Amino acid sequence: MNQQRRHVLIRSAATATVAALGLPALSTRAGSEERAAADFDVHIELHAVQDSVAIRPGAQTRVWRYQGKLLRGDASALDAWAGNYLGPIIRVRRGQRVRIDLINELPESTIIHWHGQHLPDDMDGHPRHAIAPGERYVYDFTVVNRAGSYWFHPHPHGRTGKQVYFGLAGLFLVSDDEEAALDLPTGPHDLPLVIQDRTFDNNNQFVYLSERAAGAASQGPEHGMMDHGMMGGAMGGMGGMGQMMARMMGVLGDQILVNGRPGASLKVERRPHRLRLFNASNTRMYKLAWHDRSPLTVIGTDGGLLAVPLQRDYVMLSPAERIDLWVDFGRWPAGTDLTLQSLAFEGGTEMSGMRGADLLPDGSPFTVLELHVRGDAKRSATPPPHRLSRLQRPQPRAAVNFNRPKVFNLTMGMMVWGINGVGFDMLGASPLETVQLGTHEVWEFRNDAASGMMGMTMPHSMHVHGLQFRVIGRSVAGEFLRHYGTVKAGFVDEGWKDTVLVMPGERVRLLLGFADYPGLFPYHCHMLEHEDSGLMRNYLVKA
Ligand code: C2O
Ligand code: CU
């Protein structure tokens, strides 16, 4: 633990309360700012700023984004993604010690969560660590995760959905020796594809819930942006009730963006590529397939490479999930225009009367990305490596509660989401949510609890901070089987994951290990409006 104590925190919220809970105390050590720069392999400054970028023809779109500065490390460690609200892309190797300074230049508080990383409690970006405008939070950690496609995004309580929607999200790509030995496609042939949906107003501005709906007063330059973001006009008189519904059910956009571009298209060479698919949408899920229905070759999930490549006719990607594909575009003749599509499915987020949801309902089919195959080399397609990684089978018997899974019902009370009927509590964790450091447990997320509102059920994308888990079982109730049949062949449960789709009527069983770091970590639905309105709780890892 000594190593974890070396980090620097300029400001830490709720330190005393946390200490009272028996959590590791947060250290404020201005002195260690002087720590030799040589201690870090990579040092990056991330400014969270307000900006404008050209997304569509005409007016620029006002966005919030991260602006990165590489202060130390290999030039490849920071890729700015010019002209984009997304990013930057941070590239690190397992074992590297990283310092990242978040500088908040937004008009409201924020904090960064390193989605999928195994980190000490105060490096994880819990909402209690949110910093006010003008403040700085210094992250200092060693990357212990396997190679994989991770990402980062804001995590202030009640405002994550809005901050991500307005543009804040970047990629955190980890490499390691095991992956390097495989000779997978690199450089321009290793393509991250970040999929999002947005609704624009007539003036090219993002349309999101109003500040007021977020339960906070608007202020300053922010005000104009939020006026554009008001759904009042878009929802034609649904007013407060419509706001409330969208805030609770989730926000769907009617335009699909890939890497920050609507109507995205790419030119690709006739050779193998690695496509890293990220669902960075607030609520929308995707059922991804090639236009000609030829199978997708999956090589990785949230937590890195699978043991062996797998074939799927389509893959489901719910908010925050990642899938790495291998594709050799040599499979198609030069000149082919192909598309990555999202196919129709049932059991998605159903909302009527909401802009975006109306024009492009969840589960409706659409094109995600167009690809133009070029190059005339006469060659046949190369398959991926036979073996990708030494991935152990999950050992559920290692769990302390193997025969008695902990049950977490995803519930909706009076227009309020919760877990086992209780919403988020900043510093709280129940006995059920308390685990022992060094143990494994089996948890079951149940999405079949009687719902309090019109018998309505919704899919949920459940994420657990601080660790990677294994999915060890799924079951679904009879009445839900029909729509479940339209998605179930698209799950990739064979690898490490940090986010899992739990369909309406479904129960998903996970095996989780709590190693190295005691502390208080969130777990929640990654449909960001659900998270922001209560479908989030903490779990407490006790030393
Ligand atoms: Cu990617 Cu708590 O979230
Ligand atoms: Cu949800």
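Predicted model: local features only at pLDDT ≥ 70, side-chain atom pairs only at ≥ 80, totals over all residues.

Analyst: Setting aside neighbours within four places in sequence, F172 touches I90, V92, I100, W114, Q117, F141, V143, G148, S149, Y150, W151 and F152, where contact means heavy atoms within 4.5 Å. F172 also belongs to the largest nonpolar core, which has 54 residues, and is listed with L46, I90, I100, W114, Y139 and F141 as having the most contacts inside it. Such a core is a set of buried Ala, Val, Leu, Ile, Met, Phe, Trp, Tyr and Cys residues joined through side-chain atoms within 4.5 Å. Buried stands for under 20% relative accessible area, exposed for over 50%, and partly exposed for what lies in between, with a 1.4 Å probe and protein chains only. As background, nonpolar side chains in soluble globular proteins tend to be buried together.

β1 gives the most, with 5 residues. Strands (E, at least two residues) and helices (H or I, at least four) are DSSP runs numbered from the N terminus. The core takes at least three residues from each of domain 1 (3-181) and domain 2 (194-198 + 255-374), with bounds from an automatic or database domain assignment.

An open sheet of 5 strands runs in the order β3-β4-β9-β8-β6, with mixed pairing. Because β3 (78-79) and β6 stand at the edges with a single partner strand each, one side of each has no neighbour in the sheet. Two strands count as paired if DSSP finds at least two bridges between them. β3 and β4 are antiparallel over 2 bridges, and L78 stands opposite I90 in β4. The loop between β3 and β4 holds P88, which is joined to G87 by a cis peptide bond with omega of about 0°.

Two other loops have backbone angles to check. A320, in the loop between β18 (315-317) and β19 (322-328), has a positive phi of about 85° although it is not a glycine. A320 is buried, at a relative accessible area of 1%. N204, which sits in the loop between β10 (190-198) and α4 (222-229), also has a positive phi, near 65°.

F408 has F445 as its bridge partner in β25; strands β22 (residues 406-412) and β25 (residues 440-446) pair in the parallel sense over 4 bridges. They belong to an open sheet of 5 strands, ordered β23-β22-β25-β29-β27 with mixed pairing.

Last, the metal. The copper ion (ligand 2) has H460 (ND1), C525 (SG) and H530 (ND1) as protein donors, 1.9 to 2.1 Å away. Donors are N, O and S atoms within 2.8 Å of the metal (3.2 Å for Na, K and Ca), and water is not among the atoms, so sites may look incomplete. The donor spacing is H-x64-C-x4-H, and both C525 and H530 are buried.

On conventions, residues count from 1 along each chain as its sequence is written, while chains are lettered from A and ligands numbered from 1 in the order written. Local features need pLDDT of at least 70 and side-chain atom pairs count only at pLDDT 80 or more, whereas totals for chains, interfaces and linings use all residues, and side-chain values use heavy atoms, leaving out hydrogens and water.
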